[in-house]
Amino acid sequence: MAEDKKMSPEDEKRLFAASAVSIFLVILLCIFSFFAAESHAGLPEYDAEGLDDLVIMLDGGKWAVDADARALLEKYFGLQGVQEISTARAPFGLDIVLHTNRSPYVLGAGKGDVRLEGEFADLDFSAFLLYEKEEPVFCIFLYKEDILIEFPAL
């Protein structure tokens, strides 16, 4: 019959120390990764020339509104039945036109320091473009709520 081999107390201490060091290193790596990702992620920023280019790119754009975006627009802006969004150049930035069943609503976004910015229904927002799978996605970010609403191109 096989004998049960028991670990010596010295080996148990080494195993415990090795496990503790491994767990510490994994936690340290997770913390480092979190801060590294946070420093590189975030909202896009533009200089004055970049904001002008962004307004030109968005001029005449049409954007789809899916069920999730529709629900967020209803919850935060109080707008029901938004079917489509269009964007048009304005004297000081960009007009974001939310087309609903009843009538269109215009969100004015002026050129801020690093983004197009505006206010609607007592909520400060910014507007910008992101690219997903090389396709443009128009975005509205609500600062106070920390909510990003995405609208793919039509």
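User: What makes a set of residues a nonpolar core?

Analyst: A nonpolar core is a set of buried Ala, Val, Leu, Ile, Met, Phe, Trp, Tyr and Cys residues joined through side-chain atoms within 4.5 Å. In this predicted model, the largest such core has 35 residues. Ile85, Ile96, Leu116, Phe138, Leu142 and Phe151 have the most contacts inside it.

User: Which elements supply at least two residues of this core?

Analyst: Helices α2 and α3 do, along with strands β3, β4, β5, β6, β7 and β8. Strand β7 gives the most, with six residues.

User: Which residues does Leu142 touch, leaving out those up to four places away in sequence?

Analyst: Leu142 touches Tyr76, Phe77, Leu123, Asp124, Phe125, Ile147 and Ile149. Contact requires heavy atoms within 4.5 Å, so each of these residues meets that cut-off with Leu142.

User: Why are β1 and β8 said to stand at the edges of the sheet?

Analyst: The open sheet has eight strands in the order β1-β2-β3-β4-β5-β6-β7-β8, paired antiparallel. β1 (61–64) and β8 (147–152) each have a single partner strand, so one side of each is left without a neighbour in the sheet. From one strand to the next, the twist averages 30°.

User: How do you know that β1 and β2 pair?

Analyst: Pairing needs at least two bridges; four join β1 to β2 (residues 84–90), so the two strands count as a pair. They run antiparallel. Lys62 has Ser86 in β2 as its bridge partner.

User: Which strands does helix α2 touch as it packs on the sheet?

Analyst: Helix α2 (residues 48–58) touches β1, β2, β3, β4, β5, β6 and β7. Its direction makes about 75° with that of β6. Helix α3 (residues 67–77) also packs on the sheet, touching β3, β4, β5, β6, β7 and β8.

Note on methods: Residues are numbered from 1 along each chain as its sequence is written. This is a predicted model: local features need pLDDT of at least 70, side-chain atom pairs count only at pLDDT 80 or more; totals for chains, interfaces and linings use all residues. Side-chain values use heavy atoms; hydrogens and water are left out. Axes are lines fitted to C-alpha atoms, for helices over the stretch in contact, and angles run from 0 to 180 degrees between N-to-C directions. Buried means under 20% relative accessible area, exposed over 50%, partly exposed in between (1.4 Å probe, protein chains only).
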